[in-house]
Amino acid sequence: MSRTRIKICGLTRPEDVRAAVAAGADAIGFVFYPPSPRHVDFERAAALAALLPPFVTAVGLFVNAEEAFVRAAVQRVALQLLQFHGDEDEVQCARYGLPWIKAARVRPGVDLVEFSASHPGARGILLDAFVDGYGGGGKVFDWSLIPDGLDRPLVLSGGLDPDNVSAAVRRVRPWAVDVSSGVESAKGIKDARLITAFIAGVRNADG
Ligand SMILES: O=C(O)c1ccccc1N[C@@H]1O[C@H](COP(=O)(O)O)[C@@H](O)[C@H]1O
């Protein structure tokens, strides 16, 4: 039996962090991308990250951020993993001394094998739908575009929710899933019941 890891992204409130941890999330994501409605400043993210118990990973999400901005986030927030969700190259991702994953925005024609090869230091490749605004769009992409045998742990995201996540896990068998929109009552406001249902959906598919 596999245990698909689960990241809940875009948390902005202490009660949402507590709900995600209580429901069994493996990782919590903080969005450091000012245009996002889920954006948090360093002070808030530090306070939220401080609520995490051992073995729940604090992930910082960035989109084409300046080096100094990422360094400030790493210094001020207890992040354990960086998620680069823009057009960052290998060098731009690898310079912070923390493990990192890289998001690919999937649409027909994208070569995910080449994408993975061009980010050799990434601990995993996150697959998201191609949307305006780089991510968090609640849009599912065509999972048949995922090639067999990617050489890295695969994090599936893009429009996952409690209703489709079991099918997604059964079909793709990713290392992990990542969700934002699908467990919200409004942008940046998580719904504890949806988080619980989402995690139950993953566990149901894990068998
Ligand atoms: O959550 C955001 O606002 C966001 C902004 C910019 C880039 C990525 C963002 N979130 C990530 O997008 C995917 C898909 O999210 P959704 O479940 O479809 O809403 C996910 O990996 C989030 O971490």
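Visitor: Let's start with Cys93: buried or exposed?
Guide: Cys93 is buried, with a relative accessible area of 0%. Keep in mind that this is a predicted model.

Visitor: And which cysteine sulfur is closest to the one in Cys93?
Guide: That would be the sulfur of Cys9, 16 Å away, which is too far for a bond. A disulfide would need the two sulfur atoms within 2.5 Å.

Visitor: What about Cys9, buried or exposed?
Guide: Cys9 counts as buried, at 4% relative accessibility.

Visitor: OK, switching to the ligand. How many residues surround it, and which are the closest?
Guide: There are 26 residues around the ligand, and the closest are Ser36, Arg38, Gly136, Asp178 and Ser181.

Visitor: Which strands supply at least two residues each to that shell?
Guide: Strand E1 (5-9), strand E6 (124-129) and strand E8 (176-179) each do that.

Visitor: What N or O atoms sit by the ligand's oxygens?
Guide: In the side chain of Ser36, an N or O atom is 2.6 Å from a ligand oxygen. The side chain of Asp178 also has an N or O atom 2.6 Å from an oxygen of the ligand. With Gly159 the backbone takes part: one of its N or O atoms lies 2.9 Å from a ligand oxygen.

Visitor: How much of the ligand's accessible area does the protein cover?
Guide: 99% of the 510 Å² that the ligand has on its own.

Visitor: Now the packing. Which residues touch the most other members of the largest nonpolar core?
Guide: Ile8, Phe30, Leu79 and Phe198, out of 56 residues in that core. Helix H7 (residues 192-206) gives the largest share of this core, five residues. Apart from it lies another core of eight residues, including Ala27, Leu81, Ala103 and Ala176.

Visitor: What does Phe198 touch, skipping its sequence neighbours?
Guide: Leaving out residues within four places in sequence, Phe198 is in contact with Ile6, Ile8, Leu160, Asp161, Pro162, Val165, Val177, Val179 and Val183.

Visitor: Is Glu88 buried or exposed?
Guide: Glu88 counts as buried, because its relative accessibility is 6% and the cut-off for buried is under 20%.

Visitor: So what does that side chain pair up with?
Guide: The side chains of Glu88 and Lys102 are joined by a polar contact of 3.5 Å. Beyond four places in sequence, Glu88 touches Phe62, Val63, Asn64, Ala65, Cys93, Lys102 and His119. Cys93, where we began, is on that list.

Visitor: Last pair: where are Ile28 and Val21?
Guide: Ile28 is in strand E2 (residues 27-31), and Val21 is in helix H1 (residues 14-23).

Visitor: Buried or exposed, those two?
Guide: Ile28 is buried, at a relative accessible area of 0%, while Val21 is partly exposed at 25%.

Visitor: And which residues do they touch?
Guide: Not counting residues up to four places away in sequence, Ile28 touches Ile8, Leu11, Ala20, Leu52, Val56, Thr57, Ala58 and Val59. With the neighbours within four places left aside, Val21 is in contact with Leu52, Pro53 and Val56.

Conventions: Residues numbered from 1 in each chain as written. Predicted model: local features only at pLDDT ≥ 70, side-chain atom pairs only at ≥ 80, totals over all residues. Heavy atoms only, no water. Buried < 20%, exposed > 50% of the residue type's maximum accessible area, 1.4 Å probe, protein only. Core = buried A, V, L, I, M, F, W, Y, C linked by side-chain atoms within 4.5 Å. Helix = DSSP H or I, 4+ residues; strand = E, 2+ residues; numbered from the N terminus. Contact = heavy atoms within 4.5 Å. Near = heavy atom within 4 Å. Polar contact = N/O pair within 3.5 Å; in protein donor to acceptor, adjacent residues only side chain to side chain. Areas by Shrake-Rupley, 256 points an atom, 1.4 Å probe, with all protein chains shown as cover.
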